[in-house]
Amino acid sequence: MDVRKELQNVQDRPDVPDIPESEVNTPHDKGYRKSLSNPKEFLHFLKKYVGDDWTKKLKVSDLSLCDTKMLEKDYQGREADLIYKAHLPGDEDVFIFILQELQSSVDYTMIFRVLMYVVNTLLKHFLNTPENVRESAKFRLPAMVPIIFYNGSENWTAVKSLKEYQNCGELFGDHVLNLKYYLIDLSELKENYILSTNTVLDNIMYCDKFRKRDELAEAIRTSYKRIETLGAQEKEEFRNWVKYILLSICGNKKAVMEEILNWAGKGEDDMAFKYNIIKAFEDERAEGQVEGELRKVISQVRKKVSRNMSAEEIADMLEEDIKLIFQICNAIKSHPDLDDEQISQHLSEHSS
């Protein structure tokens with residue numbers, strides 16, 4: 001294998017630091033949070049995916065997004081993702097908060113986390129209320145409505161009520177503390193139901209159901225056609241979400257992501273688009289294999305440099321290009337604090 005030649009081919013493809021890596025690592029979270037932070041999208045979410053009677057009379061004007069800091073943290077010090085104040089008929093305000101479980105595994109402590117959010121927040125509210133008000137006969141605590149949104153591939157098997165989380169809880173009926181949360185499990189939602197309406201959130205949820213490359217390609221293409229009827233801002237919001245998803249899948253390579261998006265927005269047939277996205281993913285995997293081979297060579301060279309072998313001896317023993325071995329030897333000697341992966345990155349940045 002001519003690693004030096006392959007290294008040059010890899011280096012010719014541009015990297016991407018337009019979007020911070022910390023954001024790319026949580027693409028689902030970023031997309032859902034932005035969409036659900038829009039009261040119109042949040043109301044749609046409540047009416048369609050929660051669907052209880054209390055949601056039916058809500059209007060956008062009844063909802064106001066709150067600072068998540070007003071909701072106290074759970075037992076691990078984590079904040080909720082979103083919290084809304086909802087103004088219900090009768091001039092009563094309630095608080096609705098969402099926890100996004102955008103991970104593959106089920107959190108079996110969820111009901112206890114919810115309990116901590118509720119109890120700690122209500123305690124804060126109670127203590128911040130003037131004593132003469134909170135001790136009056138008419139004083140009531142605000143209702144707090146928890147919603148869990150889960151997009152993992154495993155079935156959600158955690159208990160949904162506090163009564164179930166307590167030993168023998170069912171024996172005592174209403175005489176033990178109870179609490180339930182709404183669970184929106186993406187895996188349980190049928191594709192046709194999600195596609196029955198057309199919002200940014202619907203399209204994000206639809207695409208998020210697919211994790212295999214060919215299925216994701218088709219889902220993105222389907223959604224791109226659907227969002228043509230939406231406004232310019234909504235189109236851009238969906239496109240940005242797709243960017244983050246593709247960057248996370250494509251090894252954070254902007255060129256690959258842009259290639260896929262260009263195909264998604266064109267009028268070519270679906271098979272052509274599907275071929276291109278799969279090819280792009282395959283190119284990324286092959287690129288990763290090349291980088292892995294280079295790190296392997298660097299590791300071998302490092303051991304032989306430690307034995308005071310010359311670059312010529314190492315190149316002859318490993319049957320590698322002498323120029324590449326010279327570069328690796330010089331990099332190891334010039335940067336003794338760098339590990340094999342960092343040496344590989346150094347060579348990529350300085351190759352000509």
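The model is predicted, so local features need pLDDT of at least 70 and side-chain atom pairs count only at pLDDT 80 or more, whereas totals for chains, interfaces and linings use all residues. Residues are numbered from 1 along each chain as its sequence is written, and side-chain values use heavy atoms, with hydrogens and water left out.

The protein chain holds 16 helices and 5 strands (DSSP runs numbered from the N terminus: helices are H or I with at least four residues, strands E with at least two). Of its 352 residues, 44% count as buried (under 20% relative accessible area; exposed is over 50%, and partly exposed lies in between, with a 1.4 Å probe and protein chains only). Among contacts (heavy atoms within 4.5 Å) between residues at least 6 apart in sequence, 62% join residues at least 24 apart.

**The nonpolar cores**

Select Phe42, Phe45, Leu46, Ile147, Ile184, Met205 and Phe238. Within the largest nonpolar core, which has 41 residues, these touch the most other members (a core is a set of buried Ala, Val, Leu, Ile, Met, Phe, Trp, Tyr and Cys residues joined through side-chain atoms within 4.5 Å). Elements giving two or more residues to this core include α3 (27-36), α4 (39-50), β4 (144-150) and α11 (232-249). A second, separate core of 24 residues includes Leu71, Phe95, Phe97 and Val114.

Centre the view on Leu46. Beyond its neighbours within four places in sequence, Leu46 is in contact with Gly51, Trp54, Thr55, Leu58, Ile96 and Ile147.

**Helix α6 and Arg113**

Move to Arg113, which lies in helix α6. At 5% relative accessibility, Arg113 counts as buried, and Glu101 is buried too. What does Arg113 touch, not counting residues up to four places away in sequence? The residues are Asp74, Tyr75, Arg78, Leu99, Glu101 and Asp107.

Display the polar contacts here (pairs of N or O atoms within 3.5 Å; within protein, one must be able to donate a hydrogen and the other to accept it, and residues adjacent in sequence count only if both atoms are side-chain atoms). The side chain of Arg113 makes one with the side chain of Asp107, at 3.1 Å. Arg113 also forms a salt bridge with Glu101, the closest N and O atoms being 3.1 Å apart (a side-chain nitrogen of Lys or Arg within 4 Å of a carboxyl oxygen of Asp or Glu). Because Arg113 lies in helix α6 and Glu101 in strand β3, the pair ties together parts that are 12 residues apart in sequence.

**Further salt bridges**

The whole structure contains 9 salt bridges. Select Arg33 and Asp81, whose closest N and O atoms are 3.2 Å apart in another of these pairs. Arg33 lies in helix α3 and Asp81 in the loop between β1 (63-66) and β2, so they tie together parts 48 residues apart in sequence. Arg33 is partly exposed, at 31% relative accessible area, whereas Asp81 is buried, at 12%.

Then select Glu228 and Lys235, a salt bridge with its closest N and O atoms 3.7 Å apart. Glu228 counts as exposed at 52% relative accessibility, while Lys235 is partly exposed at 27%. Elsewhere, salt bridges that share partners join Glu101, Asp107 and Arg113 into one network.
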